[in-house]
Amino acid sequence: MFEYMEVSSISDIKLKKINAANWREAMQLSVHVDQEKFVAAVTPPVAIALAKAYIRPDDKIVEPYGIYDQNQIGGFLNLHYTPESKDDYWIFHFFIDKRFQ
């Protein structure tokens, strides 16, 4: 059925920036079909998130992060913000991979 990610402690959970070394493993992440509309309009959801990081819509900085338990990626999010702003920060495309739900 489902494979659950057991976390030994919350200190094992880390955010790691998606980069040239880990973007391929991030592209393997997905959600259940009925959840897609809540995460992104494109499948896999990481694809649109990485495109936004490159395109920078509305002149926002977009930083993609993998959610890791030790060295295993189990989720994803994009941090969007306006440079020099103290209050314009948003989290988009946040999800936990369907294998770990």
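**Salt bridges, burial and the core**

Q: What makes E63 and K17 a salt bridge?
A: The closest N and O atoms of E63 and K17 are 3.7 Å apart. A salt bridge is a side-chain nitrogen of Lys or Arg within 4 Å of a carboxyl oxygen of Asp or Glu. The pair therefore qualifies. E63 sits in strand β2 and K17 in strand β1 (residues 13-17), so the bridge ties together parts that are 46 residues apart in sequence. Helices (H or I, at least four residues) and strands (E, at least two) are DSSP runs, numbered from the N terminus.

Q: What kind of model is this, and which confidence limits apply?
A: This is a predicted model: local features need pLDDT of at least 70, side-chain atom pairs count only at pLDDT 80 or more, and totals for chains, interfaces and linings use all residues. Residues are numbered from 1 along each chain as its sequence is written, and side-chain values use heavy atoms, with hydrogens and water left out.

Q: How many salt bridges does the structure hold?
A: Three. One of them joins D88 and K60, with the closest N and O atoms 2.7 Å apart. This pair links distant parts of the chain: D88 is in the loop between β3 and β4, K60 in the loop between α3 and β2, 28 residues apart. Another joins D97 and R99, at 2.6 Å from N to O.

Q: Buried or partly exposed: what are D97 and R99?
A: D97 has a relative accessible area of 1%, so D97 is buried. R99 is at 35%, so R99 counts as partly exposed.

Q: Why does H80 count as buried?
A: Its relative accessibility is 6%, so H80 falls on the buried side of the cut-off. H80 is found in strand β3. Leaving aside neighbours within four places in sequence, H80 is in contact (heavy atoms within 4.5 Å) with residues including K52, K60, D88 and W90.

Q: How do you know that the buried residues of α3 line one face of the helix?
A: The buried residues of α3 are P45, V46, A49 and L50. Seen down the helix axis, they fall within an arc of 130°, so they line one face. The arc is that of the directions from the helix axis to the C-beta atoms. The face turned away from the buried side carries the exposed residues Y54 and I55.

Q: What do the buried residues of α3 pack against?
A: They pack against α1 (23-27), α2 (36-39), β2 (61-69), β3 and β4.

Q: Which residues touch the most other members of the largest nonpolar core?
A: Of its 13 residues, I18, L29, V46, I73, F76 and F95 do. α3 (45-55) and β3 (72-81) each supply at least two residues of this core. α3 gives the most, with three residues. A nonpolar core is a set of buried Ala, Val, Leu, Ile, Met, Phe, Trp, Tyr and Cys residues joined through side-chain atoms within 4.5 Å.

Note on methods: Buried < 20%, exposed > 50% of the residue type's maximum accessible area, 1.4 Å probe, protein only.
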